[in-house]
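This briefing goes through one protein chain by topic.

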Amino acid sequence: MNASVNIAIPALSDADWQQACDYLAHRDRVLRKVIAQAPTQRWCVQPDAFAVLARAVVWQQLSVVSAARLWRRFAVLPGALTAEGIAAMSVDTLRAAGLPLRKIGYLHDIAAQLLQGDLDMGAWQGTETAA
């Protein structure tokens, strides 16, 4: 299985990631086996459903390289991974991070619906969907 979930932290350099994997592999026999089976896989924990949905919007219809670059710029914005933060964020701030107007509109709309109670992310958070 080669699935990954991402969190909004500044991306680690390859050297820092390798150092972290080496540290964990040295100290934990279970992680040592996991790291050995997927040496290039990066794993993280997703903070919540809004962040997952925001990532889906940002990554939609982009190449992996372009999407990753855009996500790194977006995810470090203060409040970018919360509905409250996005609702308060100006179009100019999001444009400066590289987001197209259409994606900004989607993010603002999702945040507004969530804050107004029209969208219940708890109803689907943790559910699996078919690919």
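Ala96 is found in helix α6, which covers residues 91–96. With a relative accessibility of 68%, Ala96 counts as exposed, since the cut-off for exposed is over 50%. Between Ala96 and Arg73 there are 23 residues of sequence separation and a C-alpha to C-alpha distance of 9.1 Å. The model is predicted, and the values below are computed from it.

**Overall make-up**

- The protein chain has seven helices and zero strands.
- Read from the N terminus, the order of elements is α-α-α-α-α-α-α.
- Of the 131 residues in the protein chain, 27% are buried.
- Among contacts in the protein chain with a separation of 6 or more, 57% are between residues 24 or more positions apart.

**Helix α3 against helix α7**

- Two packed helices are described by the angle between their axes and the distance between the axes.
- For α3 (residues 49–59) and α7 (residues 101–116), the axes come within 9 Å and the crossing angle is roughly 160°.
- An angle over 145 degrees counts as roughly antiparallel, and α3 and α7 are therefore roughly antiparallel to each other.
- The crossing of α3 and α7 is right-handed.
- On the α3 side, the residues in contact are Phe50, Leu53, Ala54, Val57, Val58 and Trp59; on the α7 side, they are Lys103, Tyr106, Leu107, Ile110, Ala111 and Leu114.
- Sorted by class, the contact of α3 with α7 holds 11 nonpolar residues, no polar residues and one charged residue.

**Helix α3 against helix α4**

- The axes of α3 and α4 are 9 Å apart, and the two helices pack at an angle of about 130°.
- The crossing of α3 with α4 is right-handed.
- From α3, the contact takes in Ala51, Ala54, Arg55, Val58 and Trp59; from α4, it takes in Val64, Ala67, Ala68, Leu70, Trp71 and Phe74.
- The contact of α3 with α4 divides into 10 nonpolar residues, no polar residues and one charged residue.

- Trp71 and Phe74 both belong to α4 (residues 64–75), where they are three residues apart, about one turn of the helix.
- Both Trp71 and Phe74 are buried.
- Trp71 and Phe74 are also among the α4 residues in the contact with α3.

- The axes of α1 (residues 14–27) and α2 come within 6 Å and cross at roughly 135°.
- This angle makes α1 oblique to α2.
- Cys21, Leu24, Ala25, His26 and Arg27 of α1 make the contact with Arg29, Leu31, Arg32 and Ile35 of α2.
- By class, the contact of α1 with α2 has five nonpolar residues, one polar residue and three charged residues.
- Arg32 lies in α2 and is partly exposed, with a relative accessible area of 41%.
- Beyond its neighbours within four places in sequence, Arg32 is in contact with Ala25 and His26.
- Arg32 and Cys21 are 11 residues apart in sequence, with a C-alpha to C-alpha distance of 8.4 Å.

**Loop residues**

- Thr40 sits in the loop between α2 (29–37) and α3.
- The relative accessibility of Thr40 is 75%, so Thr40 counts as exposed.
- Thr40 is 23 residues from Trp17 in sequence and 9.6 Å from Trp17 in space, C-alpha to C-alpha.
- Gln61 is found in the loop between α3 and α4.
- Gln61 is exposed, with a relative accessible area of 76%.
- Most residues other than glycine have a negative phi.
- Gln61 is not a glycine, yet Gln61 has a positive phi of about 60°.

Definitions and conventions. Residues are numbered from 1 along each chain as its sequence is written. This is a predicted model: local features need pLDDT of at least 70, side-chain atom pairs count only at pLDDT 80 or more; totals for chains, interfaces and linings use all residues. Side-chain values use heavy atoms; hydrogens and water are left out. Axes are lines fitted to C-alpha atoms, for helices over the stretch in contact, and angles run from 0 to 180 degrees between N-to-C directions. Helices (H or I, at least four residues) and strands (E, at least two) are DSSP runs, numbered from the N terminus. Angles under 35 degrees count as roughly parallel, over 145 as roughly antiparallel, 65 to 115 as roughly perpendicular and the rest as oblique. A crossing is left-handed if the near helix is turned anticlockwise from the far one by less than a right angle, and right-handed if clockwise. Contact means heavy atoms within 4.5 Å. Ala, Val, Leu, Ile, Met, Phe, Trp, Tyr, Cys and Pro count as nonpolar, Asp, Glu, Lys and Arg as charged, and the others, Gly among them, as polar. Buried means under 20% relative accessible area, exposed over 50%, partly exposed in between (1.4 Å probe, protein chains only).
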